[in-house]
Amino acid sequence: MADFGQALLAQSEGGSGGLLGLVPLFVMLAIGVAVIAGVWKAFEKAGEPGWAVLVPIYNAIVFLKIAGKPAWWFILLLIPVVGMVVGIIAAIDFAKAYGKGAGYGVGIAFLGAIFVPILGFGDARYQRAAA
């Protein structure tokens, strides 16, 4: 038992472990900033305020508005299973509002952190809210 305690003490004395733990934190922070900036640009392309991405609930309502869905659909997003289906439908319509296809919308639904910044920083133009 004493050997186990000494092994733990020896491991805790290393100074580089703390610095290595910060690397993933900074990577995640950089990805988060890039995603926020991309969604900000996508919102602005649609004539909506970019800062809306920073406000919980309101950003979902703006997303639904761009997708051509009523704001009360936000309530549907809160219902298990129904929310997944409604989210996928809204993501597809969001993509169509920028002239993209349903496949791109599915990409937004499942990998939004990748697809929405591409939409925001890319050459896609907001055309209209989906019907």
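Colleague: Among contacts between residues at least 6 apart in sequence, what share joins residues at least 24 apart?
Modeller: That share is 48% in this protein. Contact here means heavy atoms within 4.5 Å.

Colleague: What kind of model is this, and how are residues numbered?
Modeller: This is a predicted model, where local features need pLDDT of at least 70, side-chain atom pairs count only at pLDDT 80 or more, and totals for chains, interfaces and linings use all residues. Residues are numbered from 1 along each chain as its sequence is written, and side-chain values use heavy atoms, with hydrogens and water left out.

Colleague: How many helices and strands are there?
Modeller: The protein has 6 helices and 0 strands. From the N terminus the order reads α-α-α-α-α-α. Helices (H or I, at least four residues) and strands (E, at least two) are DSSP runs, numbered from the N terminus.

Colleague: What percentage of the residues is buried?
Modeller: Of the 131 residues, 29% count as buried. Buried means under 20% relative accessible area, exposed means over 50%, and partly exposed is in between (1.4 Å probe, protein chains only).

Colleague: OK, at what angle do α5 and α6 pack?
Modeller: Helix α5 (residues 82-97) and helix α6 (residues 102-121) pack at about 70 degrees. Their axes are 7 Å apart. The two are therefore roughly perpendicular. For the terms: under 35 degrees is roughly parallel, over 145 roughly antiparallel, 65 to 115 roughly perpendicular, and the rest oblique.

Colleague: Left-handed or right-handed crossing?
Modeller: The crossing of α5 and α6 is left-handed. That term applies if the near helix is turned anticlockwise from the far one by less than a right angle; clockwise is right-handed.

Colleague: Which residues of α5 and α6 make the contact?
Modeller: From α5, it's I88, A91, I92, F94 and A95. From α6, it's A102, Y104, G105, V106, I108, A109, F110 and L119. By class, that contact has 12 nonpolar, 1 polar and no charged residues. Ala, Val, Leu, Ile, Met, Phe, Trp, Tyr, Cys and Pro count as nonpolar, Asp, Glu, Lys and Arg as charged, and the others, Gly among them, as polar.

Colleague: And how do α3 and α5 cross?
Modeller: Their axes come within 8 Å and cross at roughly 60 degrees. That makes α3 oblique to α5. F63, L64 and I66 of α3 meet A90, A91, F94 and A97 of α5. This contact has 7 nonpolar, no polar and no charged residues.

Colleague: Which residues of α3 are buried?
Modeller: A60, V62, F63, L64 and I66 are buried there.

Colleague: Switching to rings. How many aromatic pairs are there?
Modeller: A search of the whole structure finds 6. Rings of Phe, Tyr and Trp (its six-membered ring) pair if their centres lie within 6.5 Å; planes under 30 degrees apart are stacked, over 60 edge-to-face, and the rest tilted.

Colleague: Why is the pair F63 and F94 stacked?
Modeller: The ring centres of F63 and F94 are 4.3 Å apart and the planes sit at 20 degrees, so the pair is stacked. F63 lies in α3 and F94 in α5, so the pair ties together parts 31 residues apart in sequence. F94 is buried, at 0% relative accessible area. F63 and F94 also form one aromatic cluster with Y98 and Y126.

Colleague: What about W72 and W73?
Modeller: Their ring centres are 6.4 Å apart with planes at 70 degrees, so that pair is edge-to-face. W72 is exposed at 54%. W73 is buried at 16%.

Colleague: Where is E48, and what does E48 touch?
Modeller: E48 is in the loop between α2 (16-45) and α3 (58-66). E48 is buried, with a relative accessible area of 14%. Leaving out residues up to four places away in sequence, E48 touches F43, V62, K65 and I66.

Colleague: Last one: where is V81, and what is its phi?
Modeller: V81 lies in the loop between α4 (73-77) and α5. Its phi is positive, about 65 degrees, although V81 is not a glycine. Most residues other than glycine have a negative phi.

Conventions:
Axes fitted to C-alpha atoms, helices over the stretch in contact; angles between N-to-C directions.
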